[in-house]
Amino acid sequence: MSPEQTILWPWVAAGVIAVALVWCVVAVVVARRGRPADDVVRVAHTEHLTRLPEVRRALRWHRIAHGLGALVVLAAVVATSLLAGRPVEREVVAERLATRDIVLCLDVSGSMLPYDAAVLSVYAELTEHFAGERIALVVFDSTARTVFPLTDDYTLVGDQLAAGAEAVGIDLDRLGDKTLDEMSDGELAQVQELLAFTAGTTSLADSSLIGDGLATCALQFDEQGSERSRSILLATDNFVGEDPVYALGEAAELVASRDITLYGLYGGPTDRVGGTEESEYRSVVSEHGGLYFTLDDPGAVDALVADVLAQQAVELDADAESVLHDVPGRWYAALLLGTVLLIAAAWRVRP
Amino acid sequence: MPVSRLALVRARVSLPLTRRATGFLAGRHRSVLTGHGQDFDDLRHYEPGDDVGDIDWKASARAGEPIIRRFAHESSLTVVLLVDTGRTMTATAAGGEEKSAVADYTAAVTAYLAASRGDRVALLAGDADRFVHRPARVSAGEIEATLRALEATWSADAPPSDLGVLLRRALSTFRRRCLVVLVTDEAQPWTAHERLLKLLAVQHEVLVVTVEDLDPVGSRAAELARERGGIADVTNGWRVPGFLRSRRRVREAVGRALAERRAETEALLSRRRLQALRVASTDEVVPALVDLMRRQRRAR
């Protein structure tokens, strides 16, 4: 919606003009009273004076200067009144901001780590296509951690996704064989980053509890009372550890029962595509009508964006929020210019 | 209690100026007060304008050219105060007083000098609508009343001046040779009245006293304007804007225009053999009169 310029407090503007008018009247009255007409030096034969071209020219210039001065005063008063009335740009912000929620659900179990950087870059690419949707990131292994909850702060989203990609981009093949003592400071810092990113996702007993992770993601959605488009974009290789509370299918049921669309992104090694885990993952996602992609699918991002945006964004019954920006710019300039001109005129043009 | 105007003049004129005032009177008597009378005074060459009846034919025959016989003035002469009382005369004079005050004082000085010589003083004052005529009187009380009558004529909302009417009245009222003292201001349309002035000068001895106007853009006007609420024209109420006083070119142009007008007026008056006197304030009246007499004495 295009911004619209208005005066926020027109009565203040009117008040300033009224005050200016009253001031004018008072000034005229005082000038009249303070200088009675009879207390003047009376002279005669000024017709000889006004007949002189020099005098006529001086009078004409004086009149023009006074006219201009009056115009400048008028402009300055108008500018003052408008400034006092607070000129604003009213921008009505569309409320589709919060009408779609997307939880990015990322498996950071050991089997997925080599692929998570690629997944995160897909996520980052995805968020660039959104404007106003709320996005959350949840990472899970045996337990889940919310990296950031549902938010429309895209700067934060971008920063967090980039930081995550850097953390998981660690060269595990090279570092895996080293002990901590053998590592350089840089490498130690990398390990530190990875541990920080995946912190809170491991419990002692288990790993790779994908169903549990998905179920946790399903609980990320707030605003349960309102009709919203909710989606989960799950990225996993479906290598499940032992004994999850929720099997993947059960978790998908839970997701579906909460009216959440589940999108699947297979992040495992490509040679396992078509294997048992991959097939189960694909069938579970497809069962509930969600889109399913593998990581190397070039059309994945576009198809996901199109599908999410195709979901009816439900208008919240909350009032459309109007954002006001003060735009004093040109009135302020006019007032400044007027004041400078007035000072110049007062200095140059005497009564 | 009103102070006698004559007394005021006497206090101011007689003491320090006794000698010069005597000279003034002497000058007057020679120039104006000679004429018809019983006591023979002198003989002189006839000049155009002299009464043909005064020609001494025997003496003329002896000399081979017209000679007239003059007699000392036996009885008193009439001094006519011919005063313009138009509205512009109530404006400010160049010295800062009202022009009417200067005119009053001029009339009073003239009347005093006349009275001290035993002359009669008449008043003819007027403007476009009004007219005041006080016939010639010789007693100090009557002259005082005449001066009071003149003083009472001034009014800030008086009608405009009309010099033509005044001059015609003077011509029709006074047939015998008088000393006519015309008191008015500088800015009269003198050329328009040139014919009347010429007639007046032929019939009477005429002294024109002009009261200088305050220059509205001059420094004196600036001082006065600071003390009071500004400067305004008496005729149309136009407020003379103060910024004009701060413009050098305007001041110079006004000064030039005034000098031109003065030169023109003086040329006209001297062409018509009218004695002219310009005063800016009451202080200037007596010295100006004395100065005039001195010049006149030399001329004759």
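Let's start where the two chains meet: the contact draws 33 residues from chain B and 19 residues from chain A. Keep in mind as you look around that this is a predicted model.

On chain B's side of that contact, the elements giving two or more residues are α7 (219-227), β8 (231-233) and α8 (248-271) of chain B. The largest share, five residues, comes from α8(B). Sort the chain B side by class and you get 19 nonpolar, eight polar and six charged residues.

The chains also share some strand pairing. Strand β2 (residues 41-43) of chain A pairs with β8(B) in the parallel sense, over three bridges. Look for A:Val43, which stands opposite B:Asp233 in β8(B).

Now for chain A itself. What is the order of the six strands in its open sheet? They run β6-β5-β4-β7-β8-β9, and the pairing is mixed. At the edges stand β6 (144-151) and β9 (292-294) of chain A, each with a single partner strand, so one side of each has no neighbour in the sheet. On average, and ignoring direction, neighbouring strands here are turned by 15 degrees against each other. Strands of a sheet pair through backbone hydrogen bonds, either parallel or antiparallel. One pair to find is β4 (residues 100-107) and β7 (residues 229-236) of chain A, joined in the parallel sense over seven bridges. There, A:Leu104 has A:Leu233 in β7(A) as its bridge partner.

Helices lie across these strands too. Helix α5(A) lies across β5 (134-140) and β6 of chain A, at about 155 degrees to β6(A). Helix α8 (residues 210-218) of chain A lies across β4, β5, β6 and β7 of chain A, at about 160 degrees to β4(A).

| Helix pair | Angle | Axes apart |
|---|---|---|
| α5 (residues 154-168) and α7 (residues 185-197) of chain A | about 125 degrees | 8 Å |
| α3 (residues 53-84) and α12 (residues 329-348) of chain A | about 145 degrees | 8 Å |

The angle in the α5(A) and α7(A) pair makes α5(A) oblique to α7(A), and α5(A) passes α7(A) in a left-handed crossing. Among the residues making this contact are A:Gly164 and A:Val168 of α5(A), plus A:Leu194 and A:Phe197 of α7(A). The contact has five nonpolar, one polar and two charged residues.

The crossing of α3(A) with α12(A) is left-handed. Its contact residues include A:Val72 and A:Leu83 of α3(A), and A:Trp331 and A:Leu342 of α12(A). How many charged residues does the contact of α3(A) with α12(A) have? It has no charged residues, alongside 15 nonpolar and four polar.

Technical notes: Residues are numbered from 1 along each chain as its sequence is written. Chains are lettered from A and ligands numbered from 1 in the order in which they are written. This is a predicted model: local features need pLDDT of at least 70, side-chain atom pairs count only at pLDDT 80 or more; totals for chains, interfaces and linings use all residues. Two residues are in contact if their C-beta atoms, placed from the backbone, lie within 7 Å. Helices (H or I, at least four residues) and strands (E, at least two) are DSSP runs, numbered from the N terminus. Ala, Val, Leu, Ile, Met, Phe, Trp, Tyr, Cys and Pro count as nonpolar, Asp, Glu, Lys and Arg as charged, and the others, Gly among them, as polar. Two strands pair if DSSP finds at least two bridges between them. Axes are lines fitted to C-alpha atoms, for helices over the stretch in contact, and angles run from 0 to 180 degrees between N-to-C directions. Angles under 35 degrees count as roughly parallel, over 145 as roughly antiparallel, 65 to 115 as roughly perpendicular and the rest as oblique. A crossing is left-handed if the near helix is turned anticlockwise from the far one by less than a right angle, and right-handed if clockwise.
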